[in-house]
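The following exercises are to be worked with the sequence and the coordinates at hand. Each task is followed by a solution in steps.

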Amino acid sequence: MRLLIMGAPGAGKGTQAVGVAAHYGIPAISTGDIFRANVKEGTELGEQVSAIMAAGNYVPDELTERIVADRLDRADAADGWLLDGFPRTLHQVGALEAHLSERSQALDAVICLDVNPEDLVTRLLRRAEIEGRADDNEETIRHRMDVYLESTRPLLDAYEKRGLLVRVDGNGTVEEIGARIIAAVDAFVA
Ligand code: ADP
């Protein structure tokens, strides 16, 4: 099973990615988590991305694409994966397609978590209190929403045209949404 999970910042992608990936026995791969771990460990990659992330901008495509390609080629991802937070640009979509077609692989479904826009900022501000992420302050949150709408939201139309999009209502409890995603994906790939 090769899946993407998409949605606006604060839609709950990361939380759901972990549960859904565990259900299918595949790794959840989050570019945001990979970058944050590198920032925390002070690696060279971390140094390259920390200011970009703190400002709520996207890490350059080539760099992001290289990180993802390396991660997808690891042994635990041989039989499938769920990508959370990638692709985010049209360029990244192309890079993923190239990576997959070189390996005679294909995406099975693209999950889109739909959440009321007015709830997103509230959720992110609450997460800021709990997790203390450097990019979860009100100004950066609004900027990330704008970047998402401009650069990433259009990808949903592209995947919809390709018949891969599975829209899921992302309002509710973590358990309800998780069950909804699994039911929707199972019905879609059946
Ligand atoms: P959220 O979806 O809440 O914004 P993520 O953890 O997915 O959080 O991403 C956090 C940050 O990591 C992004 O704002 C961006 O700076 C960087 N990032 C993550 N994934 C990508 C990507 N595919 N391309 C470019 N930058 C990315």
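Predicted model: local features only at pLDDT ≥ 70, side-chain atom pairs only at ≥ 80, totals over all residues.

**Exercise 1. The annotated site and the largest pocket**

Task: State which residues UniProt lists for "binding site", and describe the lining of the largest pocket by class.

Solution. 
1. An unreviewed UniProt entry lists Gly10, Ala11, Gly12, Lys13, Gly14, Thr15, Arg127 and Gly172 under "binding site". The lining of the largest pocket includes Gly10, Ala11, Gly12, Lys13, Gly14, Thr15, Arg127 and Gly172.
2. This pocket has a volume of about 1100 Å³. It is lined by 46 residues, and the closest to its centre are Gly10, Lys13, Gly14, Arg127 and Arg133.
3. Helix 6 gives the most to this lining, with 6 residues. Elements that each supply at least two residues include strand 1, helix 1 and helix 8 (174-189).
4. By class, the lining has 17 nonpolar, 17 polar and 12 charged residues.

**Exercise 2. The second largest pocket**

Task: Identify the element that provides the largest share of the lining of the second largest pocket.

Solution. 
1. The second largest pocket has a volume of about 270 Å³. Its lining consists of 16 residues, and Ala8, Val115, Pro117, Leu120 and Tyr148 lie nearest its centre.
2. Strand 4, helix 6 and helix 7 each supply at least two lining residues. The largest share, 5 residues, comes from helix 7.
3. The classes in this lining are 12 nonpolar, 1 polar and 3 charged residues.

**Exercise 3. Strand 4 and its partners**

Task: Explain why strand 4 is described as largely enclosed, and state how many bridges join strand 4 to strand 5.

Solution. 
1. Strand 4 (residues 109-114) has 5 of its 6 residues buried, so it is largely enclosed by the rest of the structure.
2. Strand 1 pairs with strand 4 in the parallel sense over 4 bridges, and Leu4 stands opposite Val110 in strand 4.
3. Strand 4 and strand 5 (residues 165-169) run parallel and are joined by 5 bridges; Cys112 stands opposite Arg167 in strand 5.

Definitions and conventions. Residues numbered from 1 in each chain as written. Heavy atoms only, no water. UniProt positions renumbered as here; feature names shortened; annotations may be inferred. 1 Å grid on protein atoms, 1.4 Å probe; cavity = no way out; pocket = protein on both sides within 12 Å on 5 of 7 lines; lining within 4 Å. Buried < 20%, exposed > 50% of the residue type's maximum accessible area, 1.4 Å probe, protein only. Pairing = 2+ DSSP bridges. Points joined across faces, edges and corners; volume = space filled by probe spheres on them. Nonpolar A, V, L, I, M, F, W, Y, C, P; charged D, E, K, R; others polar.
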